[in-house]
Amino acid sequence: MRLSPDVLPKLASTIRRPAYDRNRVTTGIVHLGIGAFHRAHQAAYTEQVLANGDLRWGIVGASLRSPDTRDALNPQRGLYTLNVRSGTGDDLAIIGAIKDVLVAPESPSALIETMARADVKIVTLTVTEKGYCHDPATGELNENHPDIVHDLAHPQAPRSAVGFLVEALAKRRAHGVKPFTVLCCDNLPSNGKTVRRVVTRFASLRDKALGDYVAREVKFPSTMVDRIVPATTDEDRSMIAQALGTTDAWPVMTEPFTQWVIEDDFGDARPAWEQFGAELVNDVEPYEHMKLRLLNGSHSTLAYLGYLAGYQTVAEAMSDPALAQLISDLMEYESAPTLHMPPGADVAAYRASLLQRFRNPALKHRTWQIAMDGSQKLPQRLLGTARDRLAAGQSIDRIALGVAAWMRYVTGLDEKGAPIDVRDPLAERFKAITSAAKGDPEALAQALFGIETIFGQDLPRDPRFTGPVVAALKALYAKGAKATIAAMPKA
Ligand code: CS2
C-alpha cells in the first residue's frame with residue numbers, strides 16, 4: 001500500500017489532509033529544486049492558501065538533477081507527509097499542493113513549456129547556494145562555470161536554474177505573455193538582488209535586448225526563509241509508515257518554527273501567503289542578515305566544530321555545555337552587534353529561540369549535512385560578520401574558530417584520521433591544497449585564504465583576520481576540537 005488519494009479516507013482522523021478539490025487546482029507556481037526544504041516551507045504555506053479556497057496556486061516542482069523526488073512523489077499523485085516534530089510530540093499532515101514533479105535533464109523542453117504557461121505567475125527556487133553559478137565573494141555570475149558555458153551554447157536545453165529561467169522568460173516574451181516573478185528561497189545574501197544580477201547578466205550574454213527586457217520587466221523579490229528541515233532517514237520512513245498504515249516514499253520531517261519574510265514586489269498575482277504567517281515587507285535585508293548571521297552562522301560553526309568533536313547531530317553538539325556556550329557567545333558578542341535589527345525584533349529573544357531550536361531532540365539534523373558546500377556558505381554566514389567587526393576595530397575569536405574548524409574539516413580527515421566525506425564544489429581543490437600543505441596548519445590556512453571566491457582580496461591581507469584563524473587552526477591540530485572549545489576565554 002502506497003500513499004495516494006484513495007488512501008486518504010482511511011488515515012487516522014488526527015492526520016490532516018487536503019480538504020479542497022485537488023482536481024480543480026491549476027498550476028500557478030513552478031518550483032525549481034524540489035527538495036525537503038521546499039516541501040516543509042513554501043509548499044506548506046501554499047497548502048493553506050489552497051485549503052482556503054484559492055485554487056490557482058498548485059505547484060509543479062522540478063528537479064534539476066536526479067529523478068528521486070519524482071519517482072517518490074508522482075506515484076503518490078504528489079502527496080506526502082509533513083511531520084512537525086516539537087520534541088514532545090509529532091503532528092502529521094498530508095500536503096497536496098504539489099501537482100506534478102518534472103525531471104529537468106530528462107526533458108528540458110517540458111519544464112520550459114510549463115514555466116512559459118500564462119497561468120504560471122511565480123517561479124520559486126531552492127537550488128542551494130551553488131545552484132546560482134555565481135561567485136560567492138562578489139555575487140556576480142561565474143561565466144566560466146561549466147553549466148553556464150553549456151547553457152550559453154545550448155540555450156534551449158539548459159542545465160542550470162539560471163538557464164531555465166532565462167529560456168522560459170524568452171519564450172514568454174516571444175509569446176507576449178507577462179513574465180513570472182522569480183522568488184529565490186535560498187540562503188543567499190540579498191537573494192533577490194543576487195539572482196536578478198546573475199539572471200540579467202546571463203540573459204544579456206545571450207542577447208542584449210533580452211538582458212534589457214529582464215532588467216526592465218522581471219521582478220525578483222528578496223526573501224528570508226527559515227525552517228530547519230533535516231534530510232529524511234529510513235528510520236523516519238518506517239515511523240511514518242507505522243503512523244499512516246501505508247508507505248510514503250518521501251515524508252519530510254521538520255520543526256514547529258517557520259518564518260517567511262518576502263519583499264512585496266511582485267509583477268502579477270500572488271498567493272495571499274501573508275494570511276498564513278508570511279510577512280510581506282518593503283525591505284527584507286535586516287531580516288536576512290539577522291537570520292544568515294545568527295542562525296546559519298551558528299549552524300555552520302556547530303557543524304564544523306561539532307563534527308570534529310565527534311557529534312553526529314546538532315542536538316548532540318548542543319548537549320556539550322562548552323560548545324553550546326561558545327555558540328551562545330558567538331551570537332551575543334560577535335554576530336548580533338553587527339546587525340541592524342528588523343523593526344520590532346528582539347535580538348535576545350531571537351538568540352534564545354535559536355538555542356532552543358538547535359536543542360530540539362526530535363530533529364536528527366546531521367552536522368555533516370550542514371557542513372556541505374561550506375565554500376558557498378562561509379561568506380554570508382561568517383565572513384561578512386568578520387569584515388564588519390574588523391572595520392569597527394573589534395575582535396573575531398569565535399568567528400575565527402569557526403573558520404578554522406571549516407579548514408580542518410575540508411582536509412577530509414577527522415581527528416582520529418578517519419576520512420570525512422567532504423561535499424563541496426571545491427572539494428578537488430581542497431584535496432590538492434591539503435596534500436601540498438603536508439599537515440602544516442600555517443601552510444594549509446594560507447593556501448585556503450588564497451581562494452578568492454571565498455575570502456575575497458581583503459581578508460587574506462588583513463593580519464587581524466588571518467592571525468586568529470591560523471592560531472585557532474593550530475590549536476585544533478594541537479589539542480583537538482573539544483579542548484580548543486573548552487579553552488575559549490569567557491566573553
Ligand atoms: C543549514 C540550513 O544546511 C544548512 O546549511 O544551516 O539549511 C538551515 O537549517 C536553514 O537555513 C534553517 O532555516
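Contact here means heavy atoms within 4.5 Å. The model is predicted, and local features need pLDDT of at least 70, side-chain atom pairs count only at pLDDT 80 or more, while totals for chains, interfaces and linings use all residues. Residues are numbered from 1 along each chain as its sequence is written, and side-chain values use heavy atoms, with hydrogens and water left out.

**Exercise 1.** Describe how helix α17 packs with helix α18, and which residues meet.

*Solution.* Begin with the geometry: α17 (residues 427-437) and α18 (residues 441-449) pack at about 150°, with axes 8 Å apart, where axes are lines fitted to C-alpha atoms, for helices over the stretch in contact, and angles run from 0 to 180 degrees between N-to-C directions. The pair is therefore roughly antiparallel, a term for angles over 145 degrees. Next, list the residues: Phe430, Ile433, Thr434 and Ala437 of α17 meet Ala443, Leu444, Ala447 and Leu448 of α18. Sorted by class, this contact has seven nonpolar residues, one polar and no charged, with Ala, Val, Leu, Ile, Met, Phe, Trp, Tyr, Cys and Pro counted as nonpolar, Asp, Glu, Lys and Arg as charged, and the others, Gly among them, as polar.

**Exercise 2.** Work out which strands stand at the edges of the open five-stranded sheet.

*Solution.* First write the order, β5-β2-β1-β6-β7, with parallel pairing; two strands pair if DSSP finds at least two bridges between them. Then look at the ends: β5 (98-103) and β7 (181-184) each have a single partner strand, so one side of each lacks a neighbour in the sheet.

Methods. Helices (H or I, at least four residues) and strands (E, at least two) are DSSP runs, numbered from the N terminus. Angles under 35 degrees count as roughly parallel, over 145 as roughly antiparallel, 65 to 115 as roughly perpendicular and the rest as oblique.
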